[in-house]
Amino acid sequence: MGTDGGADHTSPSLDLPPPTVPPNVKVVREDLPKRSIITRPGFGTSGKRISLLANHFKVSITNPDETFYQYSVAISFEDNKAVESKVLGRKVIDKLYQTYSSELAGKRFAYDGDASLYTVGPLPQNNFEYTVVLEESIAKCSGNPSDNGTQIESYKRSKSSLHSKTFKVEISYAAKVPLNSISHALQKADPEKAQDALRVLDIVLRQDAAKRGCLLVGQSFFHDDSRTFTDVGGGVTGVRGFHSSFRPTLGGLSLNMDASTTLILTPGPVVDFLLVNQNVKETRYIDWAKAKKMLKNMRVKARHNNMEFKITGLSEKPCNQQLFSMKISSGGSTGADGETVEITVYDYFVKHRNIELISSSYMPCIDVGKPKRPNYLPIELCSLVSLQRYTKALSVTQRASLVEKSRQKPPEKIRVVTDAIKNSHYDENPVLVACGISVEKHLSQLDGRVLDAPKLKVGNNEDCLPQNGRWNFNNKKLLNPSQIDHWALVNFSARADCSHLSRELINCGRNKGIHIERPYAIFEEDPQYRKASPVTRVEKMVEHITATLPGPPEFLLCVLPERKNCDLYGPWKRKCLCNLGIVTQCVSPIKINDQYLTNVLLKMNSKLGGINSLLAIENSRRIPLITDKPTMILGMDVSHGSPGRSDIPSIAAVVGSRSWPLISRYRAAVRTQSSKVEMIESLFKPLANGEDDGIMRELLKDFYETSNGRKPTQIIIFRDGVSESQFTQVIDIELNQIIKAYQHLGETEIPKFTVIVAQKNHHTRLFQATAAENVPPGTVVDTNIVHPTNYDFYMCSQAGKIGTSRPAHYHVLLDEIGFSPDDMQNLIHSLSYVYQRSTTAISIVAPVCYAHLAAQQMSQFIKFEDSSEQKNTTTGGSIPFPELPRLHKNVAGSMFFC
């Protein structure tokens with residue numbers, strides 16, 4: 001039986017409740033015209049034609065007039081307690097079909113594992129009530145030490161016994177879902193009505209995978225096959241599987257099939273897992289408090305009786321000291337009649353069960369019982385069951401390992417996906433057969449276009465034409481280089497040669513046009529503080545700097561001991577950006593060469609107000625529809641904490657363009673908000689005194705001050721990270737907040753808005769039809785595999801060197817400015833070339849990347865603090881969350897996030 005994992009946010013959720021307004025957000029709709037998501041105005045024509053393949057498989061429906069009948073399902077135990085386990089629910093429904101098939105007219109079910117099932121055509125009645133009996137191996141607590149001695153039974157008896165469980169199943173008619181709603185949607189009539197039918201078809205795919213024993217994660221399915229496993233370290237394993245979902249497209253209904261990867265706990269002995277998870281060599285070094293937290297709720301199989309249990313905790317004492325009560329008959333065997341004795345778990349298994357225990361004596365036992373009735377198992381008898389999802393955040397090393405091991409070149413990806421469609425046997429699925437649904441076995445063929453790369457301007461008014469999405473600054477100077485006169489170098493790393501680093505940086509800067517004076521001082525950390533907390537280390541270093549320098553420096557270059565996830569990063573950034581108002585760049589050099597130093601200088605120059613390069617049309621003020629009228633570009637993103645951590649606030653970041661008519665300079669505003677809330681809450685934030693403390697006021701004022709007193713009459717919004725089910729909320733909630741912020745500044749004339757959602761988390765992949773390489777940068781597709789009516793397109797702006805390129809999926813929700821399809825696509829393509837941190841076209845527009853970087857960096861400001869010590873908190877809903885400190889006025893307008 002399959003295992004249902006959590007919802008996969010990459011696949012559209014079609015049955016969400018109506019949009020809810022986030023806490024503390026007042027959506028005032030008076031005087032605001034109702035805006036609706038627009039339909040496609042036409043197709044692009046610019047660029048060079050290219051033949052492509054896509055991982056969409058054409059679907060035919062020969063019985064389009066069939067109707068799905070939806071029935072509500074309620075499954076309960078004999079005591080009327082509801083069955084909550086999806087796995088158990090599927091077992092009960094399978095058994096119900098086997099037992100009562102004839103009474104149900106032989107109709108095959110599509111069951112969602114929860115409260116709905118679907119049939120093609122109606123069942124004989126509208127309401128049913130059935131009793132279903134499942135035979136399972138004897139109750140899982142038997143044969144194990146328990147505080148209730150009467151539960152101990154002889155091993156022989158528990159081994160052979162079967163235990164029947166009785167369930168009550170109520171089925172009642174709920175609704176009809178006509179299959180022809182899909183064909184109507186494909187013909188551009190009522191696309192919303194097709195969502196229910198598409199959802200039923202996706203449920204059929206999930207049920208099909210569940211019957212094959214797969215782990216289900218949204219519409220992605222993973223087999224328990226060790227050949228698809230790859231170790232990523234720390235007791236975590238990557239599993240390769242497949243994403244499979246039906247999509248309505250301009251070319252008809254298609255099945256989107258893609259290779260997918262999820263994470264599970266590495267199956268096998270619990271002891272082995274703890275050793276690798278804690279990175280220790282021997283069991284005596286295991287931190288058992290940490291182990292208890294990690295193991296809670298994991299499923300294990302016991303070797304001595306081959307039964308599964310859920311871990312509820314660990315015993316307080318080692319196995320050879322942990323006592324429990326057991327009744328022993330006069331003959332010495334266990335039994336209900338006899339005297340009660342206290343016995344250790346170790347002695348019970350060795351003397352009464354004749355099981356040899358080699359390593360468990362001095363380790364805690366695993367508790368699989370209830371809080372008041374513990375049930376102990378020696379740890380060496382327990383192994384982690386396969387296909388248990390791992391949902392915690394990965395370390396940098398684990399993530400790098402996962403990416404390295406799961407990437408596939410285009411030819412391999414094509415082979416894997418086409419093999420998957422052939423092996424799926426969807427044409428044999430009884431529900432799909434009843435609908436006359438068949439799936440082609442080859443990838444969709446389509447035409448795309450390759451847009452020309454935009455020309456760039458660099459120093460000395462030189463033109464720079466990117467080749468294959470790349471350019472460099474070899475023998476070139478930056479367009480607008482900074483001058484760094486007063487600066488210092490700070491060293492937290494014992495191994496770094498900072499004198500060498502500063503000399504090389506000055507020399508490289510000279511070649512790129514940046515004049516850098518010698519540092520005023522190099523501050524080495526006092527070794528006595530290296531064992532102190534990160535906050536203390538930073539405070540002591542800042543005291544040293546303040547006492548030595550004659551005044552605040554323009555810039556601080558900070559050398560950290562680790563490249564990634566260094567615990568000094570957050571405290572250092574916060575101290576410099578919030579308290580001191582000093583621009584800072586952190587480095588942890590391994591190999592100092594020209595390429596490394598150039599990358600560092602690109603970031604430094606951007607942060608200090610310089611410009612590395614501009615689009616040639618930006619430099620000459622010839623950007624269609626943007627140069628003519630004051631236009632502001634926004635990038636918006638919300639970053640969430642690890643799954644399951646509701647105590648960590650989400651971080652909302654918005655970047656806004658400044659110094660119009662430029663589109664390469666941005667300012668960021670970042671706020672915390674309620675955990676896991678996707679809609680941005682503080683775009684407009686009226687206070688009790690009538691002031692607005694929201695994000696948009698800050699960015700609008702900055703635009704006005706840096707654009708010669710011009711107010712934006714056009715605003716282009718790029719929104720990242722929202723699913724299709726949330727598109728209307730972006731318009732109804734976020735856009736209305738932006739308008740309210742604009743009106744609060746005393747403006748009556750509302751700007752024209754263009755709203756575009758940028759998605760990277762999807763499963764469409766593009767391949768060249770006649771070459772093994774990735775599609776060239778600038779490839780755009782707005783036909784065939786796009787939505788039948790909505791205005792969307794795929795664009796692959798980056799040069800994919802490793803694995804298979806993932807295109808960005810852009811959805812234009814609103815376009816009051818009135819871009820033609822070509823102008824829209826060329827603007828978006830160009831915005832992939834204005835990213836100041838690198839010399840490559842990036843995979844998604846720069847404002848979205850900047851918003852993500854700003855959220856990521858400022859989230860570090862609260863990461864190192866203990867929440868109990870935080871004084872500034874805001875209540876969103878019922879859970880208070882810490883507010884981010886505001887940036888110092890000296891750096892608030894800088895591109896500190898670069």
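1. A strand here is a DSSP run of E of at least two residues, numbered from the N terminus. In this predicted model, strand β42 (residues 808–815) supplies three residues to the lining of the largest cavity, the largest share of that lining.

2. The structure holds two cavities of 30 Å³ or more. The largest cavity contains about 40 Å³ of space. Its lining is made up of Ile37, Ile38, Phe727, Asn790, Tyr791, Asp792, His811, Val812 and Leu813. Sorted by class, this lining has six nonpolar residues, two polar residues and one charged residue.

3. Trp471, Phe473, Asn612, Ser613, Tyr833, Val834, Tyr835, Gln836 and Ser838 form its lining. Five of these residues are nonpolar and four are polar, with no charged residue.

4. A cis peptide bond runs from Trp660 to Pro661, with omega near 15 degrees. Pro661 belongs to the loop between β35 (650–657) and β36 (666–673).

5. Asn279, a residue other than glycine, has a positive phi, near 55 degrees. Asn279 is found in the loop between α5 (270–277) and α6 (288–295). Its relative accessibility is 71%, so Asn279 counts as exposed, the cut-off being over 50%.

6. Asn468 likewise has a positive phi near 55 degrees in a residue other than glycine. The loop between β26 (463–464) and β27 (483–484) holds Asn468. Asn468 counts as partly exposed because its relative accessibility is 43%, and the partly exposed class lies between the buried limit of under 20% and the exposed limit of over 50%.

Technical notes
Residues numbered from 1 in each chain as written. Predicted model: local features only at pLDDT ≥ 70, side-chain atom pairs only at ≥ 80, totals over all residues. Heavy atoms only, no water. 1 Å grid on protein atoms, 1.4 Å probe; cavity = no way out; pocket = protein on both sides within 12 Å on 5 of 7 lines; lining within 4 Å. Points joined across faces, edges and corners; volume = space filled by probe spheres on them. Helix = DSSP H or I, 4+ residues; strand = E, 2+ residues; numbered from the N terminus. Nonpolar A, V, L, I, M, F, W, Y, C, P; charged D, E, K, R; others polar. Buried < 20%, exposed > 50% of the residue type's maximum accessible area, 1.4 Å probe, protein only.
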